[in-house]
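This report walks through a single protein chain, from its overall surface and fold to a handful of individual residues. Please keep the sequence and the three-dimensional view at hand while reading.

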Amino acid sequence: MEYAFGTDPNTSGARPEMEALIVNVDGNDYFAIRFLARANTNDLQISGEISSDAVSWTTSTIPFGTPSPSGDGRQWITLRCPTPVPSATLHQIRLRVEISQ
């Protein structure tokens with residue numbers, strides 16, 4: 001995880017920087033997650049997974065905007081849900097990190 005998010009592996013309190021937010025596209029609100037991740041890697045895949053029950057997860061997030069450099073070798077990435085946020089439905093989003101050998 002330290003490799004993917006660019007945190008210090010020697011600091012036990014180091015946590016990835018991320019936030020949950022609502023983004024608006026064409027008048028519709030979508031649940032999203034914004035996070036800092038290592039930039040310019042060919043061996044790293046970070047995807048978002050969505051669930052309404054925290055048991056079944058689907059990989060169906062959509063990139064929102066363009067990744068923006070943070071100036072320290074990482075970039076801010078935002079992924080959003082594919083369907084607008086209905087007011088009565090709970091959605092959860094998590095990140096899946098895969099490193100190819």
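## Surface, basis and confidence

The model is a predicted one, in which local features need pLDDT of at least 70 and side-chain atom pairs count only at pLDDT 80 or more, while totals for chains, interfaces and linings use all residues. Residues are numbered from 1 along each chain as its sequence is written, and side-chain values use heavy atoms, with hydrogens and water left out.

The mean pLDDT of the protein chain is 89, with 98% of its residues at 70 or more, where pLDDT is the predictor's confidence in each residue, from 0 to 100. By element, confidence is lowest in helix 1, with a mean of 85, and highest in strand 6, at 95.

## Overall fold

The protein chain contains one helix and seven strands, and their order from the N terminus is α-β-β-β-β-β-β-β. Helices (H or I, at least four residues) and strands (E, at least two) are DSSP runs, numbered from the N terminus. The C-alpha trace spans about 40 × 30 × 25 Å along its principal axes.

Of the 101 residues in the protein chain, 29% are buried; buried means under 20% relative accessible area, exposed means over 50%, and partly exposed lies in between (1.4 Å probe, protein chains only). Among the contacts with a separation of 6 or more, 63% are between residues 24 or more positions apart, a contact being heavy atoms within 4.5 Å.

## Aromatic rings and charges

The structure holds one aromatic pair, formed by F5 and F35 in an edge-to-face arrangement, with 6.2 Å from centre to centre and 85° between the planes. This pair links distant parts of the chain, since F5 belongs to helix 1 (residues 2-5) and F35 to strand 2 (residues 28-38), 30 residues apart. The rings of Phe, Tyr and Trp (its six-membered ring) pair if their centres lie within 6.5 Å, with planes under 30 degrees apart counted as stacked, over 60 as edge-to-face and the rest as tilted. F5 counts as buried because its relative accessibility is 2%, and F35 counts as buried because its value is 0%.

Two arginines are placed over tryptophan rings: R34 lies over the face of W76, at 4.0 Å from the ring centre, and the charged end of R94 sits over the ring of W57, 4.0 Å from its centre. A charge sits over a ring if NZ of Lys or CZ of Arg is within 6 Å of the ring centre and within 35 degrees of the ring normal.

R74, in strand 6, counts as buried because its relative accessible area is 13%. A polar atom of its side chain lies 3.2 Å from the backbone oxygen of F5, and the side chain of R74 also makes a polar contact with that of E17 (3.3 Å). A polar contact is a pair of N or O atoms within 3.5 Å; within protein, one must be able to donate a hydrogen and the other to accept it, and residues adjacent in sequence count only if both atoms are side-chain atoms. Beyond four places in sequence, the contacts of R74 include F5, E17, L36 and P69.

S51 is located in strand 3 (residues 44-51) and is buried, because its relative accessibility is 2%. Its side chain makes a polar contact with the side chain of D53 (2.9 Å), and a polar atom of the S51 side chain lies 2.8 Å from the backbone oxygen of S56. Leaving aside neighbours within four places in sequence, S51 is in contact with S56, W57, L90, H91 and Q92.

## Loop residues

Most residues other than glycine have a negative phi.

G65 lies in the loop between strand 4 (62-63) and strand 5 (68-69) and counts as exposed, at 60% relative accessibility.
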